[in-house]
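Open the model in your viewer and colour it by chain. The stops below say what to select and what is there.

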Amino acid sequence: MSKKKREAAVEKPYRKKLIRRRKPNRSIGGDVALGIFLLLVAAIMFFPIVYAVSNALKPLDELFMFPPRIFAKNPTMDNFSDLFVTMGKSWVTFTRYLFNTVFITAVGTFGHLIIASMGAFVLAKYDFPGNRTFFKIVTVAMMFSYYVTGIPNYILINKLGWVDTYWAIIIPAFASPMGLFLMKQFMEGLPTSLIEAAKIDGANEWRVFSGIVMPNVKPAWMTLIIFSVQGLWNNRASTYIYSEERKTLVYALQQIQAGGIARTGQGAAVLVVVMIVPILIFVFSESQILETMASSGLKD
Amino acid sequence: MKEFFSKYFALRKHNAQVAWKKAKLAKNCYLFLAPYAILFTMFFVFPVVASIYFSFTYYNILEPPRFIGLHNYISLLLEDEIFLVGVKNTLLIAVITGPLGYIMSFFFAWLINELPRWVRSVAVVIFYAPSIAGNCFVIFAVFFRGDAYGYVNALLMHFGLQDAPKFWLTDPKYMIWICMLVILWMSLGTGFLSFVAGLQGVDRAQFEAGYVDGVKNRWQELWYITLPNMKPMLMFGAVMAITQAFGVCDVTMQLCGYPSTDYAARTIVTHLFDYGFSRFEMGYACAIATILFLMMILCNKAIQSLLRRVGT
């Protein structure tokens, strides 16, 4: 991508208005056909999610009915209230699970934001030996899934004495490669003259970082925060945390879900609760995320 | 020859000195990078190195690791038939769902791109939602239930395409294909978002130049203008697609059971999970992880060299 385009990309390409005029090389037939195709695929893609939600609204007798219905006949919130009753009866209170999740998510995300943006800032804006190599290693590390690095990680965390504490989840989350990657790519779009101007005015690196760069990359913040929250929300941490009072909400909910046939209704409710949070977060931050992703491309 | 070497080393020494001076000047940069670099090394670089080290040992956490040479690899490749099933399944999933999911991501992002803005926002949510919906995919277990109550069985029997219910999730013949279907459903992830955003950033003037130069239809426009402009995003999407394709394990474990019938839905990561977290044969599990690392990195290299040729 040329330099000129890069600067155009900074000016919020996602907010730019589409040209109203029809493109001259499009056939109407093709537009209609592709539109119908898209609609059909969207319906298929969305169906399981709709079905999961409607399942959670069904009373128990309808859940076991044959032939099964897609939409509930008498939608109720019974499953959700049952779920709360079950959670309330557990030895560890619901609020404790919620606190665990919120604590892990908040601390993990905050630390990740600070540490990753500090790293991304120098990687994007300064040229020093080892810069490129380090970034290349980070992009390779984006491919590693949780289980692949799981065993040595467990041994390391065990040696550090963090097993069965919150830190076993929080500290590795600080180093997530995805956040650094997105932040660095976005910061590269910032004009270098801005930083030079601040330096001539006598600001040191820390001032440039906290006063000039960070306020200018808010969309990237949001994206980093959201990816981090999504990751930590879904983190069941079952390998690191054994004490019931330190388990996360999702883990506790999925334990209820695994309770067999008697918990079918509550299981359906759990499915919805677990999935709705990340989706809602995404809906409210979509434009910011897309703005950041516009600079996510990998150059070789 | 000697002269060549002495010159080479003199040059090397000079380069190193220059780099050292530069590094000294950039002290603050290292300070900024240090917290991330230390944690990253601890949790992402160290595990890879440690995996390679442990893969040459017998290690069960309780006793200290005992060096056994290549024994783990030999028994993995020659004696462990289940691992080979896992490799076959992983490759099958990677070869089919990887490219297909990748192409789907790009294709739908491209179609969505032409819609008016608010429709586009809704469409992005709809397509992206499955990949962030937690374990929502277990709902497919209801659709593909093995008795006549399952939707797919009921539908197929209703239309007379089969006369008895099929055990979609327990019959080794179908398991892996159903899993692929579910993985495809979830494959429009981060790469898809990158494509959507990247398509928005393509310079309009290039399309207009294209009309003048006689780009006849949307497919030509796609190949000659859009794709070359999207190359960086395509690279990023490829990394994401590899991650997803080789990391498959939650879907197969939760849909087909763990262990699955005849190990027919076993993947490399499931095998790793089995040895690492159920049998605690860490050395053996690390050998599996090392093989997986190698596969991922090679695959990444291959795709990158392939993508360099797009649109030329």
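Start with chain B, where buried residues make up 41% of the 312 residues; a residue is buried if 20 or more other C-beta atoms, placed from the backbone, lie within 10 Å of its own.

Before going further, note that this is a predicted model, in which local features need pLDDT of at least 70, side-chain atom pairs count only at pLDDT 80 or more, and totals for chains, interfaces and linings use all residues. Residues are numbered from 1 along each chain as its sequence is written, and chains are lettered from A and ligands numbered from 1 in the order in which they are written.

Stay on chain B and show it as a cartoon. Chain B has 15 helices and two strands (DSSP runs numbered from the N terminus: H or I of at least four residues for helices, E of at least two for strands). Its radius of gyration is 25 Å, well over the 20 Å that the globule rule gives for 312 residues, so chain B is more spread out than a compact globule. The radius is taken over C-alpha atoms, and the rule is 2.2 Å times the number of residues to the power 0.38. Along the principal axes, the C-alpha atoms of chain B fill a box of roughly 85 × 70 × 40 Å.

Now select chain A. Here there are 14 helices and zero strands, and 38% of the 300 residues are buried.

Next, display both chains; the predictor gives the complex an ipTM of 0.82 and a pTM of 0.82. Select the contact between them: 79 residues from chain A and 81 residues from chain B, with two residues in contact if their C-beta atoms lie within 7 Å. On the side of chain A that touches chain B, α14(A) gives the largest share, eleven residues. That side divides into 60 nonpolar, 13 polar and six charged residues (Ala, Val, Leu, Ile, Met, Phe, Trp, Tyr, Cys and Pro count as nonpolar, Asp, Glu, Lys and Arg as charged, the others, Gly among them, as polar).

For the last stop, select α14(A) and helix α9 (residues 190–200) of chain B, whose axes come within 8 Å and cross at roughly 80°. That makes α14(A) roughly perpendicular to α9(B), the term for angles of 65 to 115 degrees. Show side chains for A:I289, A:L290 and A:M293, which meet B:L193, B:S194, B:V196 and B:A197.

Methods. Buried ≥ 20, exposed ≤ 12 C-beta atoms within 10 Å, placed from the backbone. Axes fitted to C-alpha atoms, helices over the stretch in contact; angles between N-to-C directions. Parallel < 35°, antiparallel > 145°, perpendicular 65-115°, else oblique.
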